[in-house]
Amino acid sequence: MESWGDAGARSGYCLMHMGCRGPATKSNCWDVKWNGGTNWPIGVGHPCIGCVTSHFWDKQAPFYIARDD
Amino acid sequence: MEIYIPVITSNGNGVANPGSQRIVIDPLTRIEGHLRIEAIVSNGKVIDAWSSSTMFRGMEMILKNRDPREAWLFTQRACGVCTTVHAIASVRAVENALGITVPDNARLIRNLIEAAQYVQDHVIHFYHLHAMDWVDVPNALKADAAQTGALQRSISPWPNNSTAYFAGVQARLKGLVDSGQLGIFANGYWGHPAMKLPPEGNLLAVAHYLEALDWQREFIKIHAVLGGKSPHVQSYVVGGVSAAVDPTNPTAINPTKIAMMRDLVNKAVTFVNQVYYPDLLLVASFYKDWAGWGGGLGNFLAYGDFPGSIDNNPANFWLPRGLVWNQQLSTPPTALNPALISEYVTHSWYSYTGGDQAGKHPSQGETVPNYTGPAAPFNFLNTDAKYSWLKTPRYQDQAVEVGPLARMLVAYAGGHAAVKSKVAEALAALGVGPAALFSTLGRTAARGIETVLVVGKMAGWLNELEANILGGRLAVADTTRWNPASWPATASGWGWTEAPRGALGHWVNISGGKIVNYQMVVPTTWNGSPRDAQGQRGAFESALIGTPVADANKPLEILRTIHSFDPCMACAVHLMDTHERTLTEIHIEA
C-alpha cells in the first residue's frame, strides 16, 4: 500500500513503503498477535514501529520513512 | 526489585496546634504513578493538605526535533492505563496545526476507541483501584453464601447469583487467606472502623472484582480490532486512522468484524448495567455520609469530546464543552476559551524565565526542572515553597476540577437529556439531592453514570460506521497534508480530548517540519496540582479539607477521596526542555 486506507490497505498489502520496521524487529507478534491472538498493528494497516526493541524510540525511529535496514 | 509499602509517618513536630498531627502517605497506592499526600489532622479531621507528585519523566524533551506525525507514538506511552488518550490529543494537535479534517470513518473509529477506553477504564477503576477503600475483602469470609445470592438477585438480573456460585468464590478467597499471603489483597485496611458493608456485600463485591478482570480482557479486544492491540492502539495517523474499511475484504474492518465488536458491546452493556452500576448503588447506599465529604473546589472544566461532525464543532460533541462555577447547575455552563489556560510553577519544582510568580500559556510553555526539595530521607516537604513535580494548571487563574464529575455536571447544567435523566435516577435511588454530587460519593457515582451512558452510545457509532462501509464511503484518512512538503514553515495547534480522568490538552509548535515545542496539560495535572501563585489549592488538596480520619495510622478516608479522582501520575508528570540543558537523571530500578 502507498497511502492510508487505499485499495492496497483494504487488501492488507505490505507496509514497507509506509516505513514498516517489521523486517528490522525480532518479535513474534506476526504469529502470536495481541489481546489473545486478536490482531496486530499490521492488521490495522499501520507499520510496525519495532516497539519491543530496546530503546526503540531512538533505534527504530523515524517510523514513517521507508528504508532498507 | 523495589517493593512499595505505603509509609505512614505522623509526627506532631512543626505544627502549631496541639492536638494536631501532620501525616504523610507516600506512596499512595492503587493509583497510577507516584503520589504523596501530606495532611494536617486536627481533632479527627483534615484541616489542610498538600499533594505532591514524586517522580518526573521527560516526555516532551524526547519529542524535540522529531516528526510531528510520529509524536502520538511517543506521547501515547505516557501511560498504558490511560492508553489511547495521549495519542488522540497528539494527532488532533497536529491536525489542528496543519488544518486537516479527518473523514467520517476516522471520526467514528476514534469515538469507538475512546468509548471503549472509558468503559474498560472506569470498570477497572471501580473494582480494582477504588473498591478496596469501601470493601473489606477478608470480611467476605464471614458472609452467608445463600444470603449473598439473595442480595445479588435483589439488585440485578445478573445470572451469577446462586448460593453455589458465591460459596465457590468464598472458598477461593479462603484458600488465599489461609495461605497466609494475601497477595493482591495485602496491606488493605481490613477491619477499619470506617468499613460499613455487611459481609454479603463484601463477598458480592469480591466476586465481581474477579469477574471484571475476565470481562475487561474480552471487551478490550475492540481496541485490537480497531487499533491492532491494547494497550497502545496503533491505528491513529495524522489525518485519520490507518485501519482500512471495506464491505467484503477479509483483511479490512468489514461487517464481520463489526458484528464481533457489536457482540462485545452488547456484553459490555449487560455487564455495566447489571454488575458495575448496581454494585455502585449498593455500595453507595452504605456510605451515604460520603455525600458530605470530598467536594472540594466546586469549579469544573470540560473540553468535551466525541465529535458528532467532522468539523469538530463543539456544539456537536456528545459530551459538551464548558465550565461550571461554584456548584451552579441552574445556569448554563460558561463557554471555554483555551487561551485562558495557564500553568504556574510557583510551588512546582521548575523555573520559569521571568520568574515563578506568573503563569504561562502552554503554547509558550517552558519546563526547566529545578528540584529545591529536601534530600532523602526526610519527614516532610517544605510546602511553603516548591513541593511537587506537577505544574499548576489554572483557568482564568482559578483552580478547577476535571474528570467524569466535571463532564456530567457540564452536561447536566447544559440540559443534556440523557445525563440529566441518569443523574436524577441515581440520586433518587440513593435518596439524596443534587448537592450530593459535589462530594467523593458524587464523583464516584458520576464515573458509573458516565460509563452507563458511554457504553450505550457505542452501538450507534458501530451502526454509522457499518452504514458508511456498506454505502461505499471508504475513506479513513485525509492524506493531502501527509507529506511535510505540503506544510507551512511554521504552525501551531491545540489537541484536546476528554480522557477518562478528565480534560487533556496537547499544544504543539512546528517549524521546518519538526517539533520545536510540545506541552501536555493532563487531567491529573489539573486535579493533583499544588498551590498556585496566589496560594489557591488544587482539587485534591481542596477536596481533602474536612475529611474525617478515625486513625491517623490508617488514613483510609483520605484514600477514598483521592481515589475518587482516579489519579494518573504518569500522565500528569512530563516536561520538555527547549534549550537542550542536561537534566538530572533519575533511575528507577524495577
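In which loop of chain B does Asn43(B) lie? Asn43(B) is found in the loop between β3 (35-42) and β4 (45-53) of chain B, where helices (H or I, at least four residues) and strands (E, at least two) are DSSP runs numbered from the N terminus.

The model is predicted, so that local features need pLDDT of at least 70 and side-chain atom pairs count only at pLDDT 80 or more, while totals for chains, interfaces and linings use all residues. Residues are numbered from 1 along each chain as its sequence is written, chains are lettered from A and ligands numbered from 1 in the order in which they are written, and side-chain values use heavy atoms, with hydrogens and water left out.

For chain A the mean pLDDT, the predictor's confidence in each residue from 0 to 100, is 95, and 100% of its residues reach 70 or more.

Asn43(B) has a positive phi near 50° although it is a residue other than glycine, and its relative accessible area of 73% makes it exposed; here buried means under 20% relative accessible area, exposed over 50%, and partly exposed in between (1.4 Å probe, protein chains only). Asn65(B), in the loop between α1 (59-63) and α2 (71-75) of chain B, likewise has a positive phi, near 70°, and is partly exposed at 48%.

Two cis peptide bonds can be described, each with omega near 0°: one runs from Ala61(A) to Pro62(A), and another from Ser230(B) to Pro231(B). Pro62(A) is placed in the segment after α3 (56-59) of chain A, whereas Pro231(B) belongs to the loop between α8 (221-227) and β5 (236-237) of chain B.

Over all chains the structure holds 30 salt bridges, a salt bridge being a side-chain nitrogen of Lys or Arg within 4 Å of a carboxyl oxygen of Asp or Glu.

Asp532(B) is buried, with a relative accessible area of 1%, and Arg394(B) is buried at 0%. Asp48(B) and Arg531(B) are buried as well, while Glu466(B) counts as buried at 17% and Arg262(B) is partly exposed at 23%.
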